[in-house]
Amino acid sequence: MVLVDTVTRAGESLVVCRRPEPAAAHPSTTAPGTGHVQAETGTPRLAKFHVPEIVFGPGSLPEAAHAAVRLGARRPMLVTDEGLLAAGWPQQLARHLTEAGLRPVVWSGVTPNPKDHEIAAGHECYRAERCDVLVAVGGGSVIDAAKGVALLAGNGGLITDFEGVDRMVAPIPPMVMVPATSGTGADVSQFCIVTDTERNTKITILGRALVPDVSVVDPNLLTTMPDWLNAATGLDALTHGIEAYVSRAHNPLTDHHALQAISLVGLHLERTMDHPLERQSRVHMAQAALEAGLAFTNAILGAAHAMSHQVGGLLDLPHGVINGILLPHVVRFNAEPDPARFVPIAQALGFRGASDGRWSDALATDAAEWAACEVRRLADELGVPKGLGEIGVTEGDVAQLATMTMADACLSTNPREATRGEIETLFRQAL
Ligand SMILES: NC(=O)c1ccc[n+]([C@@H]2O[C@H](COP(=O)([O-])OP(=O)(O)OC[C@H]3O[C@@H](n4cnc5c(N)ncnc54)[C@H](O)[C@@H]3O)[C@@H](O)[C@H]2O)c1
Ligand SMILES: [Fe+2]
């Protein structure tokens, strides 16, 4: 859903242009009995909410086969990668598809931060095998690769031709997504993020048509994630929640999902690290990733993602780890002129400040700083490096990274206007 003061259209998508809100502190309240922080926001003028059909629950994997049948599949292409094959989930799903009377083709040529040429190879397979529906089981990389194949199946051309908003014109095949990580929200989002190997950057493709038809969220799949991936994707979900909440395109419905996601990550991510096989905390993290996805696909993101995409394109590193390093710096930058919006975020993470519900500017500043420190504390607990320098970024990369950040679609909804110089400073602070 997008709520806007003024409507700007780009094809089928509404490009959000909600005016930044005044600097006065937003009152926030805690809903009685729920512990969920709710924020009060202005009156919406126009509402549009993009969301797939969602099937959620432990053991729901076979539902993906039924969904493919409902969507008219005969020869579904099952997109996955080598890591998932080693965990065994695609084999299970292929069996369910076969038992449902379908003839699946398994394609596993995706690597993390999926590359433009991998999408082209996947499309070639789709055409050669005369497939009709995309089914994906994997993390964000696999899901984005499946979206890319669907896009090319409908429109032809090169995946890099579609960078930006609503560049595709023809319909694309139906998509059923099964996320295997608790982070990206790609299974519900209108984003497809692909590495442009010529420019060494990750391009953002955005469009209503990229929202999958069905998302089947089975938290059991999360139990085979290695710890580093659990940490990285959990931080990605947290970044989605925080950036969506403060986005210029936020609205009451996205706020609800964003705060719920932030709270769930704060409460359960560390527990999944200590008790990886405990079902309930996995269910909570699956829900966190889902709700963060619902929030950001409709509210879009901000500077942390705009910057992260450039580092991920340059160094092929885990997306969530880069976000975890950048996020505290971006929170401080965004909160400096207007900390009020960060009060509910801090509360969702456990900050107990104004017991009388009155938030002075000074207290709101404290809350925002506390939230930034809490994100860093969590990152430390999860073993995330302190700075980008530790993962290979150098001073010599900063200028180029900043230039490319300025062109990233996610920057347009960051709550604070950022100059190229300010982005450079943020990169240096995060080194
Ligand atoms: N489209 C969107 O809306 C969106 C949003 C955020 C991030 N992303 C993109 O998603 C990608 C990151 O995805 P990710 O963090 O989910 O990881 P990933 O898909 O890159 O997977 C990383 C590795 O973990 C393995 N793996 C994944 N799930 C596993 C499981 N359950 N058990 C065992 N191994 C498993 C994979 O095989 C792979 O080797 C980035 O390219 C990022 O840009 C997309
Ligand atoms: Fe992300």
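Domain bounds here come from an automatic or database domain assignment. This is a predicted model, in which local features need pLDDT of at least 70, side-chain atom pairs count only at pLDDT 80 or more, and totals for chains, interfaces and linings use all residues. Residues are numbered from 1 along each chain as its sequence is written, while chains are lettered from A and ligands numbered from 1 in the order in which they are written.

Q: How do you know where ligand 1 lies relative to domain 1 (53-224) and domain 2 (227-430)?
A: Both domains give residues to the shell around ligand 1, so ligand 1 lies between them.

Q: What makes up the shell around ligand 1, by residue class?
A: It divides into 14 nonpolar, 16 polar and four charged residues. Ala, Val, Leu, Ile, Met, Phe, Trp, Tyr, Cys and Pro count as nonpolar; Asp, Glu, Lys and Arg count as charged; the others, Gly among them, count as polar.

Q: What separates Asp 187 from Leu 294?
A: They are 107 residues apart along the chain, and their C-alpha atoms are separated by 9.6 Å.

Q: Why are strand 11 and strand 12 (residues 201-206) said to pair?
A: Two strands (DSSP E runs of at least two residues, numbered from the N terminus) pair if DSSP finds at least two bridges between them. Six bridges join strand 11 to strand 12, and the two run antiparallel.

Note on methods: Helix = DSSP H or I, 4+ residues; strand = E, 2+ residues; numbered from the N terminus.
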